[in-house]
Amino acid sequence: MKRTLQTLNELEREGVFPRYAIGGAMAATFYVEPLLTFDLDVFILLQPKTTGLISLTAIYEALRARGYREENQCVLIEGVPVQFLPAYNSLVEEALNQAQEILYEDVPARVLRSEHLVAICLQTGRSKDRERVRILREQANLDMNFLAAVLKRYELEEKWKLWTE
Amino acid sequence: MEALDGVSPEVAKIFAAKENRRQALARLPFPEKVRVVIQLQEMAAVILRARGKSVRPWKVAPSSSKASPTKS
């Protein structure tokens with residue numbers, strides 16, 4: 001995964017996207033026991049076009065130019081299927097902007113904060129998100145004050161109560 | 001771990017050991033966790049392919065050092 005992250009860093013440096021962070025199951029795995037997943041979810045900030053629409057075309061083109069190919073909804077980068085997800089709402093934008101800086105071996109990368117992962121799971125609301133919230137609660141040493149503020153800001157307090165009581 | 005009613009002490013001990021194992025896995029450095037995920041993918045792929053689902057375990061270059069947060 002080191003080379004995958006190096007490629008993402010190159011794309012960020014070259015301005016293909018202004019910022020990225022790992023999300024999804026692999027981000028959760030940073031904080032808890034290893035969770036089975038077959039792709040690497042990468043959240044990205046994109047500049048909206050003049051039409052107001054956002055597009056992944058530039059990213060796919062930059063990756064094609066490097067010889068990486070698309071596979072289903074992902075791009076296979078150094079053996080890892082990467083799923084690019086544009087920040088689709090204000091919660092995800094905040095999560096991206098406040099993502100934790102890490103070193104993967106000697107490669108810098110970003111991972112969404114565990115509290116934001118919980119909030120995104122609550123917002124998404126699938127059964128696998130509920131299970132992920134349970135594991136994050138058990139193992140991730142959540143900052144409960146930080147989480148409470150996020151849940152309040154995005155009106156997720158009721159959902160949190162429903163899922164955790 | 002939550003208390004379990006009607007479970008013998010021996011079984012309770014096994015459950016506690018399993019929970020400890022999960023906590024130990026959660027404390028592994030990130031690159032080691034990624035290696036475990038790839039092992040999980042390889043195990044799951046056999047079952048999923050038998051069910052007709054097409055999945056592909058990651059093919060990544062081997063590496064050895066550890067990850068660490070640079071800020072919390």
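Me: Which residues of α5(A) and α7(A) meet in their contact?

Reply: The model is a predicted one. Two residues are in contact if their C-beta atoms lie within 7 Å. On the α5(A) side, the residues are E115(A), H116(A), V118(A) and A119(A), and they meet F146(A), L147(A), V150(A) and L151(A) of α7(A). By class, this contact holds six nonpolar residues, one polar and one charged.

Me: At what angle do α5(A) and α7(A) pack, and is their crossing left-handed or right-handed?

Reply: The angle is about 35°, and the two axes are 9 Å apart. The crossing of α5(A) and α7(A) is right-handed.

Me: How does one read the buried and exposed sides of a helix, with α6(A) as the case?

Reply: The general idea is that an α-helix has 3.6 residues a turn, so residues three or four places apart point the same way. Helix α6(A) covers residues 127-139, which is 13 residues. From first C-alpha to last, α6(A) reaches 19 Å, close to the 18 Å expected at 1.5 Å a residue. The buried residues of α6(A) are R132(A), V133(A) and L136(A). They span an arc of only 105° around the axis, and therefore lie on the same side of α6(A). S127(A) and E131(A), on the other side of α6(A), are exposed.

Me: Against which elements do the buried residues of α6(A) pack?

Reply: They pack against α2, α5 and α8 of chain A.

Me: Where are N72(A) and E155(A) found, and are they buried or exposed?

Reply: N72(A) sits in the loop between β3 (69-71) and β4 (74-77) of chain A. Its phi is positive, about 55°, although N72(A) is not a glycine. E155(A) is placed in the loop between α7 (144-153) and α8 (157-164) of chain A. The phi of E155(A) is also positive, near 55°, in a residue other than glycine. E155(A) counts as exposed because it has 9 C-beta neighbours inside 10 Å.

Me: Why does R110(A) count as buried?

Reply: A residue is buried if 20 or more other C-beta atoms lie within 10 Å of its own. R110(A) has 23 of them within that distance, and is therefore buried. R110(A) belongs to strand β7 (residues 107-111) of chain A. Leaving aside residues up to four places away in sequence, R110(A) touches Y20(A), A21(A), I22(A), A99(A), Q100(A), E101(A) and I102(A).

Me: How does separation in sequence compare with separation in space, for R110(A) with S90(A) and for K159(A) with Q123(A)?

Reply: The two separations are read side by side. R110(A) and S90(A) are 20 residues apart in sequence, and 18 Å apart in space, C-alpha to C-alpha. K159(A) and Q123(A) are 36 residues apart in sequence, and 8.2 Å apart in space by C-alpha atoms. K159(A) is in helix α8 of chain A. With 18 C-beta neighbours inside 10 Å, K159(A) counts as partly exposed.

Me: What elements does chain B have, and how many residues of α1(B) are buried?

Reply: Chain B has two helices and one strand, in the order α-α-β from the N terminus. Of the 72 residues in chain B, 8% are buried. Helix α1(B) covers residues 9-26, and its 18 residues reach 26 Å, close to the 26 Å expected. The number of buried residues in α1(B) is zero, so this helix lies largely in the open.

Me: How does one describe the contact between chain A and chain B?

Reply: One starts with the residues on each side. Chain A gives 22 residues and chain B gives 26 residues. On the side of chain A, the elements that give two or more residues are α1 (2-13), α2 (24-31) and β6 (100-104). The largest share of that side, five residues, comes from β6(A). By class, the side of chain A has ten nonpolar, five polar and seven charged residues.

Technical notes
Residues numbered from 1 in each chain as written. Chains lettered and ligands numbered in written order. Predicted model: local features only at pLDDT ≥ 70, side-chain atom pairs only at ≥ 80, totals over all residues. Helix = DSSP H or I, 4+ residues; strand = E, 2+ residues; numbered from the N terminus. Nonpolar A, V, L, I, M, F, W, Y, C, P; charged D, E, K, R; others polar. Buried ≥ 20, exposed ≤ 12 C-beta atoms within 10 Å, placed from the backbone. Expected span 1.5 Å × (residues − 1). Arc of directions from axis to C-beta. Axes fitted to C-alpha atoms, helices over the stretch in contact; angles between N-to-C directions. Left-handed = near helix turned anticlockwise from the far one by under 90°.
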